[in-house]
Structures are given as structure tokens and as C-alpha cells.
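Thank you for sending this model along for comment. My remarks are set out as numbered points, so that each can be checked against the coordinates.

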Amino acid sequence: MISAIGNNVQECFQSLAQSKTGIGKINHLSTRHKDDFVAGEVKLSNEQLAQLVGDANPALNRNSYLAMLAAKEAVVHSGIKPNDGKRTGVISSTTVAGMGKTELYYKNLLEDAEHLYVLDTHDCGDSTERIADYLGNVDYVTTISTACSSAANAIMLGSRMIKHGLLDRAIVGGVDALSKFTFNGFNTLMILDKEWCKPFDENRKGLNLGEGAAFLVIEGEQALKERGGKALAEVVGYSNTNDAHHQTASSPDGYGATLAIQQALEMSGLTPAEIDYINMHGTGTPNNDASESMATKTVFGNNVPKFSSTKAFTGHTLAAAASIEAVISVLSIQNDMIFPNLNFSTPITDTQLVPETELVKTPVNTVLSNSFGFGGNCSSLIFKKVKA
Amino acid sequence: MSKVYINGTGCISPQNTIDKQWFFESLAPAQEDYFNAIEPSYKEFIAPNLLRRMGRAIKMGVAAGNIALQEANVTQVDAIITGTGLGCFEDSERFLLALVNNDEQFLTPTSFIQSTHNTVGAQIGLIMKCHAYNYTYVHRGFSFESAMIDALMLFKEGKQKILIGGIEEHTPTYVQLIRKANKLQAPPHPIWASTSKGIQLSEGSTFFVLENQRTNSTLACLLDVQTLYKPKTSTDVLEKLHLFLKSHRLDISQIDVCVMGFSGDVDFDKILQELLPTIKQSSSVVAFKNACGEYHTASAFALYTASKIIKHQIIPDTLAIENKKPTEIKYTLIINQYLGINYSFTLLSNC
């Protein structure tokens with residue numbers, strides 16, 4: 001995982017445990033708005049990223065660098081051997097894809113033969129195939145783009161393909177680098193907070209954009225057993241539903257989100273009371289947090305588990321958000337810690353939900369992680385501690 | 001698992017596929033080195049208040065989805081799965097150019113909102129008030145294949161009705177740029193024996209209603225899909241094909257019709273050109289990109305072609321590479337390739 005709070009999982013964990021946000025002044029993205037907003041940038045330049053990847057190919061862009069680094073870290077950490085004959089999938093997700101480079105050259109591209117390559121690196125499949133080639137020995141590649149829930153759906157697809165016997169393991173996750181395109185897009189929607197975002201606060205004003213990538217290696221039980229590996233956590237529930245309310249807004253009652261959470265719970269066989277922690281989507285926009293709070297109340301009633309949004313650490317990393325938060329959920333389970341919801345002071349009047357605002361050390365056996373996106377896309381995942 | 005039936009199709013393509021009676025009788029030629037889709041009068045399929053704001057890819061997607069649903073006589077589904085390589089490219093281009101030309105000022109959100117890759121699937125879900133599973137695959141020449149693979153899994157998980165589709169649009173600027181990059185040429189004749197480089201860039205939207213039961217409108221059965229990423233040689237592909245067919249207790253000689261994704265580019269078609277002699281020994285073979293051109297989700301047009309061939313039990317002369325005039329067309333196999341990188345097998349049968 002690489003994000004505003006660290007270039008690898010360990011660094012990210014340290015930031016989370018020390019309540020250290022990665023959101024601040026914009027340094028790398030070249031935008032006229034850079035002094036008016038804050039964002040969760042990865043703290044490395046493209047040149048530094050290229051060096052870490054070890055590839056000076058000019059066709060590589062920030063999206064690919066982030067994806068390759070995070071996927072490689074996941075594979076190395078997992079201990080899987082690429083050449084062991086197991087069927088391996090790379091299932092990634094992105095919304096911005098190669099736009100960060102396309103936007104630099106597209107206008108004059110007809111007169112600019114040198115940069116025509118951006119036509120080949122613009123699409124969402126590019127970074128996924130870069131990961132596959134970087135890792136080698138990959139049998140299946142695909143990419144999902146369902147806006148801000150994308151990586152949750154990649155995790156879900158990987159789990160399903162293993163269950164169906166189509167793959168033995170899958171490297172799943174998502175990536176999105178900051179671009180002027182997404183930055184200005186969200187700005188026109190007027191859902192960016194110029195200061196630190198305040199998820200679930202009555203006075204929240206919007207989200208902070210972030211960037212990053214996170215990948216997880218999901219393995220079938222059989223493949224894991226055969227190599228004597230040890231799982232960090234188990235994917236026990238998932239669901240994808242559609243709010244079918246509005247192209248960009250969530251319904252006031254959070255109907256789609258409610259369905260997703262309920263179906264994921266049902267699949268996991270867990271009761272609502274058995275969820276120890278919810279890592280919320282919690283973008284900090286008035287609409288999302290109100291809708292998600294309603295859905296949470298509908299499912300959990302007056303017994304809402306401990307919850308937080310970690311987007312005030314990382315910013316909203318769009319397609320990568322759900323995989324970054326999946327890694328955070330796993331860290332929560334591994335370390336029996338709940339990471340705080342930064343910048344919160346006043347509960348939302350209607351729902352009165354209060355997130356955890358300090359680091360909490362408590363047994364965490366189960367985590368529900370929500371991710372919602374444009375187009376009404378709602379995804380919920382449930383992770384569970386593996387019994388020793 | 002019970003079988004998966006293709007019970008409705010909706011196809012917007014460079015050919016007259018909007019006409020339900022049309023069956024490859026004659027083919028509209030490319031505009032020199034690219035194809036434009038023939039778009040229907042959208043008023044019949046989309047409410048005017050929605051139509052006004054929609055980009056072309058969304059219109060093509062929603063309309064083709066509607067046509068497929070109507071043909072299958074289905075009003076609600078258990079999943080909507082779309083595949084698209086570039087998504088709503090026109091809106092992406094519009095927002096991008098507005099941003100660059102105005103130095104990030106005076107922007108409005110509409111084209112940004114619509115540029116999101118899952119807009120077509122989302123709009124269909126919104127119009128149908130469908131709260132079910134809704135996925136969008138965006139992986140080059142695997143975009144539509146991924147949608148099919150997902151749909152087949154969902155049927156095994158108990159779903160009964162699924163809408164799947166592939167959508168692609170291009171813009172005049174994009175066509176110019178691809179031409180500038182020396183990726184286009186006028187179609188070689190025949191397309192399956194090209195000796196020069198270049199494809200015919202194209203666009204279109206092809207949707208299918210899949211169900212777990214046979215109905216009056218059933219065209220064919222979808223049996224299986226497999227993708228191959230960067231196979232090195234035709235021997236690799238052939239080996240994988242044997243295994244794929246073997247898992248259905250079939251061998252190549254039992255394939256009645258093979259639908260092959262020759263794109264007209266000698267390099268990209270190399271492996272298919274090498275496979276052709278083996279395949280046409282025992283099977284009839286047809287092309288389809290001479291009809292639909294090349295795009296990320298051309299395989300959706302291939303599925304349309306294969307289903308229609310099974311339904312009509314006729315091999316169209318306009319597509320035929322080898323016509324053995326089989327007495328019964330039972331098994332049909334699509335072998336597609338995209339840029340010589342993304343290969344796929346799709347197996348269909350009559351029902």
C-alpha cells in the first residue's frame with residue numbers, strides 16, 4: 001500500500017497509530033488551485049517513483065508506478081511463489097487511469113509525435129497489465145471501474161473467482177493517482193473541503209482528494225494450505241448493490257448501502273452485534289455521511305459498533321479507497337486497534353452517531369468496510385480474524 | 001448448473017443491426033479506415049428529459065440495453081454488467097479540453113459526471129430502478145469477456161436474469177489521433193489474410209439478456225468463456241484451446257462454426273492466421289470485424305454474430321472464410337484477439 005500516510009504498509013500503520021494525517025499542501029500535482037486546497041498526495045515525485053519501480057520507461061505514469069509498487073509489496077509480503085503453477089489473477093481497478101498524463105498532452109497531440117504513446121496508456125487496463133508484467137506469470141487480468149467503490153468490487157471478484165475454482169489466488173486492489181481532471185471534476189461538483197475533511201461531523205463541508213494504491217493477495221484455502229502459508233484475515237462477507245437513486249448522490253435513507261451491508265452480513269453468518277468495527281466510506285461530504293449514517297442506523301439500530309472513517313488520514317483515493325481501507329481493516333484485526341476518525345467534534349443532528357476519535361486498543365475480530373460510488377454503486381466487505 | 005440462455009440482443013453497430021430482420025445480407029463499408037456506428041432514433045428508447053443530457057456512449061448503451069430487454073420480454077434483472085475499454089470517451093474528452101483550454105476555470109460538472117466509466121450501467125440501473133449487482137469492466141480487449149465470465153459465475157450463484165453489454169464510442173479527434181499514430185488502414189481484402197498493418201477503428205454497443213431458462217426468444221446457449229493474456233505463439237493458444245474444449249468434452253472437430261477476430265492488422269492477426277488452416281480443416285469459419293470494425297468490446301458483436309448464426313442456422317456469405325454448409329450448427333466457438341495481446345475463447349451451442 002502506498003498513500004499519503006506512507007509508502008508501504010508499515011509506514012501507513014505508523015501514521016494511523018500516531019493519528020498523523022497525510023493530507024496537506026499540494027506539491028506534486030500541477031494545478032492552478034494548488035494553494036486553495038489540501039490533498040492527500042503520495043509524498044514522492046514521479047522521478048522518485050520511477051526509481052523505486054526500477055523502470056525509466058517514459059510510457060509509465062503515476063498511476064502505474066503506484067499500482068506496481070503496491071502490488072509488488074503485497075506479493076512479497078504474502079510469500080507466494082510466482083512460479084509454482086498456481087492460477088494467479090491480477091484484478092485491479094481505477095477511475096483516472098492514464099488521464100494524469102493524457103491531460104498534459106492531449107490538446108496538441110496531433111502535432112506531438114513524441115507523446116502519442118499516451119493513447120496507449122490512457123485507458124484503465126494499462127496499469128493492470130503493467131502490474132501483471134511486473135509480477136510475471138499471471139493467468140487472468142481484468143480491471144473494474146465502478147467509481148469510488150471500485151477496489152471493493154475487485155476484492156469481491158477475486159474472492160468469487162477463487163470460490164468458483166477459476167483461480168487459486170488473486171492479487172486484488174485499486175489505484176488512482178491525482179490528476180487535474182479528477183481534481184477539477186470534484187471541484188465543479190462543489191464537494192471539496194478546502195481544509196481538512198471532517199467525516200461524520202455536523203459541520204462537514206466535503207471531501208479531500210487523495211491518491212494511492214493498495215493490493216491484497218487473496219488465496220483459496222487449498223492453495224494456502226499447500227504452501228503452508230498463514231492468512232492475515234479472512235474475507236467472510238461481501239455484497240454489491242445499487243442505490244438507483246441518482247447518478248452522483250446517495251439516497252437520503254441509504255437504501256443501496258443498507259442492502260449491501262445486510263447482504264454482506266447475511267453471507268458472513270455474523271449478526272450485526274458481532275461486528276467489532278466499521279471502517280466507513282465516510283468521505284466527509286454532507287450527502288454521503290448523512291446517507292451512510294442512516295443506513296448504519298437501519299442495520300444496527302441503537303447498537304452501532306465502533307466506527308471511523310480513515311479518509312481524514314489518506315484523503316479520498318477513489319478507486320483505491322476500498323483496497324486502502326481493506327488493508328487498514330486487516331491492520332485493525334492484526335493489531336487489535338481501531339484507528340481514529342480525525343477532525344470530528346459535533347455529531348450529525350439527525351443521527352447522533354459518534355465515531356472513535358482516539359486510537360482504541362480492543363479485540364477486533366470482525367470488520368465491516370463500506371465503499372460507495374457514483375452511479376449508485378454500493379459495496380460492503382467483511383473481514384474476520386483467522387482462528388489461531 | 002442449468003444452462004445459460006441468450007434470450008435477447010440489442011445491437012448498435014456500423015451495420016444495420018437495429019433492424020431485427022437484418023442478417024448480414026450486405027455489409028456497409030468502412031469510412032476509409034474507420035467505422036461509425038449507425039445510431040437509431042433514440043426517442044423510441046429513452047425519455048426526452050434524460051436523452052438531452054446523455055453522451056453518445058450512454059445513449060447507445062441505454063438504447064441497446066432496452067432493445068435486448070424488449071426482445072427478451074424482461075423488465076427487471078438480477079444483475080447489470082457492462083464492459084467498455086474507454087468508457088464515455090466523448091465526455092472525458094470534452095471535460096479534458098474544457099479544463100485545458102480554460103486553464104481549469106469556468107467548468108461545469110455534467111461531462112465530468114458522465115465521464116465515469118460505469119455511467120452506462122448506472123444509468124440503466126437508475127432507469128430500471130434496479131438495486132441489484134452492477135459492475136463495469138474496463139480492461140481493454142477483456143472488458144466484455146470479463147462481463148461474461150462474471151455473469152456465468154452469477155448464474156452458478158443462483159441468479160436468473162442478467163443484462164450484459166459492451167459499449168465503445170470514438171470521437172473525430174480520437175480517430176485522427178489513432179490515424180496519426182499509424183494504427184489505421186483501409187480494410188484489406190480479405191480481412192483474414194492481411195499483409196499490412198492497421199485496423200479499422202470502430203464503435204458500437206451490444207447488449208444481451210441472459211437467463212437460466214429457455215423462452216420463445218431464445219437464440220443460443222452461452223457455455224463458457226476464457227481469456228488468455230499475452231500468449232506467445234499459436235501453439236500456446238491451440239494448447240489452451242484444446243484444454244478449454246476438453247473441459248466441455250469437446251474437440252475442435254466438433255465445432256461447427258468458428259467466429260474469428262481477424263482485425264486486418266498483419267501483426268495482431270498473426271496467431272489467428274496461423275490457427276486458421278487447422279481450424280478450417282473441420283469447421284466452418286467466419287470473420288466479424290469486416291462488419292463491426294475493431295474496438296475493445298468487439299467481442300460483444302462477435303457474440304451477437306454467433307448467436308444469430310445459431311438462431312438462423314445459416315453461415316452468412318458476407319462473413320464466411322470457410323463454409324462447410326453443416327446440416328446442423330450446434331457448437332460455435334469465438335476466438336477473439338485484441339491488439340495481439342488479449343485473446344479469448346467463447347463457446348456457444350444451440351439449445
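1. Everything said here concerns a predicted model, in which local features are considered where pLDDT is at least 70 and side-chain atom pairs where pLDDT is 80 or more.

2. Overall form of chain B. Chain B contains 11 helices and 11 strands. Its radius of gyration of 19 Å is close to the 20 Å that the globule rule gives for 351 residues, so chain B is as compact as a globular protein of that length. The C-alpha trace of chain B spans about 60 × 45 × 35 Å along its principal axes. Of its 351 residues, 58% count as buried, and among contacts in chain B with a separation of 6 or more, 81% are between residues 24 or more positions apart.

3. The two domains of chain B. The domain assignment divides chain B into domain 1, covering 5–211, and domain 2, covering 223–349, and the centres of these domains, taken over C-alpha atoms, are 22 Å apart. Their contact draws on 47 residues from domain 1 and 38 residues from domain 2 of chain B. On the side of domain 1 that touches domain 2, the elements giving two or more residues are β1 (5–12), α6 (143–156), β4 (161–168) and β5 (204–211) of chain B, with α6(B) providing the largest share, 6 residues. By residue class, this side of domain 1 of chain B is made up of 23 nonpolar, 19 polar and 5 charged residues.

4. The contact between the chains. Here 46 residues come from chain B and 47 residues from chain A. The elements of chain B that give two or more residues to its side of this contact are α3 (89–101), α4 (110–115), α5 (119–128), β3, α6, α7 and β6 (220–229). The side of chain B that touches chain A consists of 24 nonpolar, 15 polar and 7 charged residues. Note that α6(B) is listed among the contributing elements here and also on the side of domain 1 of chain B that touches domain 2.

5. The peptide bond from H189(B) to P190(B) is cis, with omega near -10°, and P190(B) sits in the loop between α7 (172–180) and β5 of chain B. R140(B), although not a glycine, has a positive phi of about 40°; R140(B) is placed in the loop between β3 (133–137) and α6 of chain B. L339(B) likewise is a residue other than glycine with a positive phi, near 55°, and its loop is the one between β10 (331–338) and β11 (342–349) of chain B.

6. A mixed sheet in chain A. Five strands of chain A form an open sheet of mixed pairing, in the order β8-β14-β13-β9-β10. β8 (234–242) and β10 (306–308) of chain A stand at the edges with a single partner strand each, so one side of each is left without a neighbour in the sheet. From one strand to the next the twist averages 15°. β8(A) runs antiparallel to β14 (residues 377–384) of chain A, the two being joined by 8 bridges, and T241(A) stands opposite C378(A) in β14(A). Helix α13 (residues 321–335) of chain A packs on this sheet, where it touches β9 (277–279), β13 (366–373) and β14 of chain A, and its direction makes about 170° with that of β13(A).

7. A covered strand in chain A. In β4 (residues 88–93) of chain A, 6 of its 6 residues are buried. Both faces of β4(A) are covered, with T88(A), V90(A) and S92(A) on one side and G89(A), I91(A) and S93(A) on the other. β4(A) pairs in the parallel sense with β6 (residues 169–176) of chain A over 4 bridges, and V90(A) has I171(A) as its bridge partner in β6(A). β4(A) also pairs in the parallel sense with β5 (residues 140–144) of chain A, over 5 bridges, where the bridge partner of G89(A) is Y140(A).

Terms used: Residues numbered from 1 in each chain as written. Chains lettered and ligands numbered in written order. Domains from an automatic or database assignment. Contact = placed C-beta atoms within 7 Å. Nonpolar A, V, L, I, M, F, W, Y, C, P; charged D, E, K, R; others polar. Rg over C-alpha atoms; globule rule 2.2 N^0.38 Å. Buried ≥ 20, exposed ≤ 12 C-beta atoms within 10 Å, placed from the backbone. Pairing = 2+ DSSP bridges. Axes fitted to C-alpha atoms, helices over the stretch in contact; angles between N-to-C directions.
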